[in-house]
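Here is a short briefing to read alongside the model. Have the sequence and the 3D view open as you go through it.

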Amino acid sequence: QVQLVESGGGLVQDGGSLRLSCTASGRTFNNSYLGWFPQAPGKEREFVACIYWSYGNTYYADSVKGRFTISRDNVKNTVYLQMNSLKPEDTAIYYCTAAWRSRTEVAYWGQGTQVTVSS
């Protein structure tokens, strides 16, 4: 059974930084995309970043390019999202995801971690 367990959310001021972690277990993640989909209040979940587990290729939404960095630790089976220069509009529940068919066809979701950016 696949499990994605997030941590690292919290409250931060405008312009601050946070690092989210997601530990994956339950199957091999070769040829998968592990990523993050935040859901802001009243909005749909949307893609912001993912990493191709096998080779480390990274992909970002335009809204976070230059501010967020996704990385992985193959030994710990963990993916990280370093978020810098945070803005109030980044406030959301951040869900860790796993996909195989494409970067956005999510097969598994984590339980989410809350990120709140105060102005």
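This is a predicted model: local features need pLDDT of at least 70, side-chain atom pairs count only at pLDDT 80 or more; totals for chains, interfaces and linings use all residues.

**Tyrosines, sheet and pocket**

Y59 is partly exposed, with a relative accessible area of 24%.

**Aromatic rings**

- Across the whole structure, a search finds 8 aromatic pairs.
- Y33 and Y59 make an edge-to-face pair, with 6.2 Å between the centres and 65° between the planes.
- Because Y33 sits in strand β4 and Y59 in strand β6 (residues 58-60), this pair ties together parts that are 26 residues apart in sequence.
- Y33 counts as buried, at 17% relative accessibility.
- The pair of Y52 and Y55 is tilted, since the ring centres are 5.8 Å apart and the planes meet at 40°.
- Y52 is buried at 15% relative accessibility, whereas Y55 is exposed at 68%.
- Y33, Y52, Y55 and Y59 are linked into a cluster by ring pairs.

**The open sheet**

- An open, antiparallel sheet is built from 4 strands in the order β1-β3-β8-β7.
- β1 (3-7) and β7 (68-73) are the edge strands, each with a single partner, so one side of each has no neighbour in the sheet.
- From one strand to the next, the twist averages 20°.
- Strands β3 (residues 18-25) and β8 (residues 78-83) pair over 6 bridges, and T23 stands opposite T78 in β8.

**The largest pocket**

- The largest pocket has a volume of about 260 Å³.
- Its lining has 16 residues, with P38, E46, S63, E89 and D90 nearest the centre.
- The lining divides into 6 nonpolar, 3 polar and 7 charged residues.
- β4 (33-39) and β9 (92-99) each supply at least two residues of this lining.

Note on methods. Residues are numbered from 1 along each chain as its sequence is written. Side-chain values use heavy atoms; hydrogens and water are left out. Two strands pair if DSSP finds at least two bridges between them. Axes are lines fitted to C-alpha atoms, for helices over the stretch in contact, and angles run from 0 to 180 degrees between N-to-C directions. On a 1 Å grid over the protein atoms alone, a cavity is a set of points where a 1.4 Å probe fits but cannot get out, and a pocket is an open set with protein on both sides within 12 Å along at least five of seven lines; lining residues have an atom within 4 Å of a point. Grid points are joined across faces, edges and corners, and a volume is the space filled by probe spheres set on the points. Ala, Val, Leu, Ile, Met, Phe, Trp, Tyr, Cys and Pro count as nonpolar, Asp, Glu, Lys and Arg as charged, and the others, Gly among them, as polar. Rings of Phe, Tyr and Trp (its six-membered ring) pair if their centres lie within 6.5 Å; planes under 30 degrees apart count as stacked, over 60 as edge-to-face and the rest as tilted. Buried means under 20% relative accessible area, exposed over 50%, partly exposed in between (1.4 Å probe, protein chains only).
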